[in-house]
Amino acid sequence: PPPPPPTPPFPYTTLFRSRASVNEYQARLATEQEAVRYVPLLVDMWPAHDTYRDRSGQRYVFVFEPVS
């Protein structure tokens, strides 16, 4: 695999592998439609996400789904 970019490891792992497991859930990158829907809720819960995006130029939004 290519060397990891200067980002947190969870987004890199999920982007590179398409999915990552967290306890009984799998995470995947949100679709554009999901990101539009969930980003305002995310920023309400964690305002620093906008600061992170402003500083890094990147936005990672993940959807967690139960593992069946």
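Trainee: How many salt bridges does a search of the whole structure find?

Mentor: The search finds 2 salt bridges, where the term stands for a side-chain nitrogen of Lys or Arg within 4 Å of a carboxyl oxygen of Asp or Glu. This is a predicted model, in which local features need pLDDT of at least 70 and side-chain atom pairs count only at pLDDT 80 or more, while totals for chains, interfaces and linings use all residues. Side-chain values use heavy atoms, with hydrogens and water left out, and residues are numbered from 1 along each chain as its sequence is written.

Trainee: What makes the contact between the side chains of Glu34 and Arg28 a salt bridge?

Mentor: The N to O distance is 2.8 Å, which lies within the 4 Å limit, so the pair qualifies.

Trainee: Which residue forms a salt bridge with Arg28 at 3.1 Å, and why does the pair tie together separate parts of the sequence?

Mentor: The partner is Glu65, with the closest N and O atoms 3.1 Å apart. Because Arg28 lies in strand β2 and Glu65 in strand β3, the pair ties together parts that are 37 residues apart in sequence; strands here are DSSP runs of E with at least two residues, and helices are runs of H or I with at least four, numbered from the N terminus.

Trainee: Which are the buried residues of α2, and what do they pack against?

Mentor: They are Glu34, Ala35, Val39 and Val43, and they pack against β2 (25–29), α3 (48–56) and β3 (62–66).

Trainee: How do you know that the span of helix α2 is close to the expected one?

Mentor: Helix α2 (residues 32–45) has 14 residues and reaches 20 Å from its first C-alpha to its last, close to the expected 20 Å, a figure defined as 1.5 Å times one less than the number of residues.

Methods: Buried means under 20% relative accessible area, exposed over 50%, partly exposed in between (1.4 Å probe, protein chains only). Contact means heavy atoms within 4.5 Å.
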